[in-house]
Amino acid sequence: MATATPRQPIRLPGHRQMALGVARQRLAIGILAVSAFTLILGGRLVELAVFDGAPRHNGAAVASPFRRAELQDRNGVTLASSFEAYALAARPRDIMGNREEIVRKLSAILPERDPALIRQAVFHKGRFRYIARRILPEQAEAIRRMGEPGITIEREPERLYPHTGLGAHYIGYTGIDGRGEAGIERAFEDRLTDPAQRDKPLVLSMDARVQQALESELDKRMVETEALGAAGVVMDVHTGEVLALASLPAFDPNRPGGVVGMPSHMNRATLGVYELGSTFKAFTIAMALDTGVVTDLGERFSMAPIRVGNHTIRDLHPRASPITVPEVLIYSSNTGTAKMAERLGRERQEFFLRQLGMMDKAPGEILEKGRTLTPPPHNWGLASVMTVGFGHGIAVTPLHLATAYAALVNGGIYRPATFLKVTGERPGRRVFTEKTSHILNGMLRLAVLDGTGRRADAFGYRVGGKTGTAEKKLIGARGYDHRRNITTFAGAFPMDDPRYVIVTMIDEPHGANRQAGYVVGPVTKNVVNRIAPVLGVAPSETKDIDVSEFEGLWKPRAVRGEASVR
Amino acid sequence: MAWLNIASAGGGSWSAPLQMATDVRSTGRRGWVISAWLVMITIALAIASYSISVRVAAEKRQVARLTAANHGLESDIKALNAELRVRMRMPQLQRWNDETFGLTPISAHQYLESPDSLGAYGNELPAAAPPRVTYAVRDISPASRQPAPRVMMASTPPEVTPRSGVSETGTQARAGAPRPALITASANKATSPSATRLVAVSNRPAAEASRSRPAAEAAGNRPAATAVGQPRVVLAAATPRQPAAAIDRPAEAPADLLRQVAMLGDDAATAEH
């Protein structure tokens, strides 16, 4: 080819068409590419113009990152809610106007604030200082109208507890940084601040009306008896829901103040452990009946003092000895229960106490939970078995007691306490047989009808229960202080079909009579009178639990009811 | 797009350059027309798109404004709710009740268990013992304070025995309510003018009750005016307490009214002795 002379290329007839075809093909591809690019651009423009890209969330949740979920009681009453509050701050470097003038104006708007403190904030050398942490919206507006750039209004999250001190230990409170510091607020910090769930209120098992009744009656009695403190629990026996949990003295969660550890911040119902005394006798009798160490309710127990080791167990009110099993509970006999506990032995006693949750921390979601004090394993001898039998040498919280009583009266099924509303059945474990539970219900009713708990008998509501008076330990010494008592009542109503357990406790009452029946009996009666109609328990003058099976096993008093209380 | 047409036209000019020149000229004119169309369509599209986009933006601003307004309203509602809840907080209700209303829980006596007991409810009427002596009972202890006590007047001719006059109130006593404030004078005593006393009387609000007091005293001081011609026994009795009302109805002016009634009672009591 290289040697060939140049000549006209040979044009075959099909060449032109071929070249044309190739050119058109390339053109088409180019046009397609360009138009596709243009279409994509146009489409994107339309998308941006019409649909504005991804949807933006500018709801309240984004507006306030500190928001927490509301707390509500079981009926939808708001117990805690969040909103934005105003804080007033000074940024002295940005202040343009006359500082004296600013101080004067601010003092006029905030009359409750010390002018010296305002002056200090306005004149200080730093970059930022709070003048007031909480101001009212009207005040904020007035300050905004001043138009001073160096005085700024900050938006801060605020937790409001509309019922002030009601259920303060139950609900808890939040600190200045908006984090939960106690109670439900602390236990459910993650749930309350979770962005996915914080629009839904957290529904508690509390009933605000029951809580109010319990707190006010306890408070009244605490003042009357000049007591150190008081605690109370109302619980649903079938679900374990805590309807009310009171600990007095209380605080206002809106202004918690102080530090954790102050007497008012100590939750006596779940954190404080106490030797609750005779209220344990019901458990010991139930254990004895359940295991079969006592089979005959008519079996008689002597009330003579028992000597064991260094201790002597004796009864405070000796009666015509010997007494039957129901009488042991009615007259609250230490020796009778001690003998039953002795027959029971350590193994079984410990097993039952563990089943009733007495060996663990208090049940429930709240984090302020006390560890119970039980005899040490290496020293749980006969003396301990006997004293634990009537509630000494073992310290538990009132919530422990309420949960265990619920298991005792509801047919024998233990369900740990819960602070959240329960829908449907809750699983539980059987501790006592139904028969034992039924017998104990009758005996507890007798103890109120005719025993130490006569003052707790709310007419028509068939209250049953057991009082407990225990001496407190001496401070800094061995032994017990006879002048300082813990008085407790643990019971349930209505006894023919127990629905609610109530535990009331008053710590160190003063006065001539410091027995539980006298101190907390009336509290229980008043509380039951107030809460039973609210909870849908109808009173009845004719209905009552059948106590005929104890016929002949106890001697009724000549005058029954409260009139017979000395 | 015009250059595309030219290029494609040029592609076909392998053997006819002359014809190609005329083709180019005519194609150029056509291209210009097409370009003009394209420019016009583009401008029209641009204006249309822009106006749409402006309208969309306006709509969106409107929505944003509404959302903001909603949030404002929401927070207002929240604030008002919070205020309401704080005002009706449980401890406050308790304080009101302790200081003013004095409502007490319902007692078991106030419940009827069955239709049978409801049927038997009124049959105990004759069992109520008629008071044989004159007495005055005040019942305004805080525990049993009633919301709005009404005082009723009943006047009976002398031949009517106190028994029938009182049987109404006997029903009330049996109904479980504490004894009503009842001031009565026995008929035989009433026949002697000097023994006629009290008196009072009203079913009216506090202001009128207080106005009726001097009248009552006057009647007590000068009984002859009413008693000489036809001796009358005048009963003043509180209305029966209705359990449901005692719980549900808030008191209208309890403190004042109670004081009035109390003073009335005192007058009556002093008149007795």
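1. Chain B has ten helices and three strands; helices (H or I, at least four residues) and strands (E, at least two) are DSSP runs, numbered from the N terminus. From the N terminus on, the order of elements in chain B is α-α-α-α-β-α-β-α-α-α-β-α-α. The model is a predicted one, in which local features need pLDDT of at least 70 and side-chain atom pairs count only at pLDDT 80 or more, while totals for chains, interfaces and linings use all residues. Residues are numbered from 1 along each chain as its sequence is written, and chains are lettered from A and ligands numbered from 1 in the order in which they are written.

2. Of the 273 residues in chain B, 18% are buried. A residue is buried if 20 or more other C-beta atoms lie within 10 Å of its own, exposed if 12 or fewer, and partly exposed in between, with C-beta atoms placed from the backbone. Among the contacts in chain B with a separation of 6 or more, 79% join residues 24 or more positions apart. Two residues are in contact if their C-beta atoms, placed from the backbone, lie within 7 Å.

3. Chain A has 17 helices and 14 strands. Its 566 residues are 46% buried. For chain A, residues 24 or more positions apart make up 72% of the contacts with a separation of 6 or more.

4. The largest nonpolar core has 127 residues. A nonpolar core is a set of buried Ala, Val, Leu, Ile, Met, Phe, Trp, Tyr and Cys residues joined through C-beta atoms within 7 Å. The residues with the most contacts inside this core are A:Val234, A:Met235, A:Ile285, A:Tyr405, A:Leu408 and A:Val501. Helix H14 (residues 398-409) of chain A gives the most to the core, with nine residues. Leaving aside residues up to four places away in sequence, A:Leu408 touches A:Ala282, A:Phe283, A:Ala286, A:Phe432, A:Ser437 and A:Leu440. A second, separate core of 14 residues includes A:Tyr86, A:Val103, A:Ile131 and A:Ile143. In soluble globular proteins, nonpolar side chains tend to be buried together.

5. Helix H13 (residues 382-389) of chain A is mostly covered, with six of its eight residues buried. The buried residues of H13(A) are A:Ser384, A:Val385, A:Met386, A:Thr387, A:Val388 and A:Gly389. They pack against helix H10 (281-291), strand E8 (306-308), strand E9 (311-313) and helix H12 (334-355) of chain A. After H13(A) comes A:Gly391, with a positive phi near 85 degrees.

6. Helix H3 (residues 99-109) and helix H4 (residues 115-123) of chain A pack at an angle of about 140 degrees, their axes 10 Å apart. Axes are lines fitted to C-alpha atoms, for helices over the stretch in contact, and angles run from 0 to 180 degrees between N-to-C directions. H3(A) is therefore oblique to H4(A); angles under 35 degrees count as roughly parallel, over 145 as roughly antiparallel, 65 to 115 as roughly perpendicular and the rest as oblique. From H3(A), A:Arg99, A:Ile102, A:Val103, A:Leu106 and A:Ser107 meet A:Pro115, A:Ile118, A:Arg119, A:Val122 and A:Phe123 in H4(A). This contact has seven nonpolar, one polar and two charged residues.

7. Two cis peptide bonds deserve a look. The bond from A:Leu248 to A:Pro249 is cis, with omega near 0 degrees, and A:Pro249 lies in the loop between strand E7 (242-248) and H10 of chain A. The bond from A:Phe493 to A:Pro494 is cis, with omega near -20 degrees. A:Pro494 is in the loop between strand E13 (480-493) and strand E14 (500-507) of chain A.

8. A:Thr164 has a positive phi of about 45 degrees and sits in the loop between strand E4 (151-160) and helix H6 (168-171) of chain A. A:Glu226 has a positive phi of about 50 degrees and is in the loop between helix H9 (208-224) and strand E6 (229-236) of chain A. A:Thr164 is partly exposed, with 17 other C-beta atoms within 10 Å, whereas A:Glu226 is exposed, with 10.

Key
Ala, Val, Leu, Ile, Met, Phe, Trp, Tyr, Cys and Pro count as nonpolar, Asp, Glu, Lys and Arg as charged, and the others, Gly among them, as polar.
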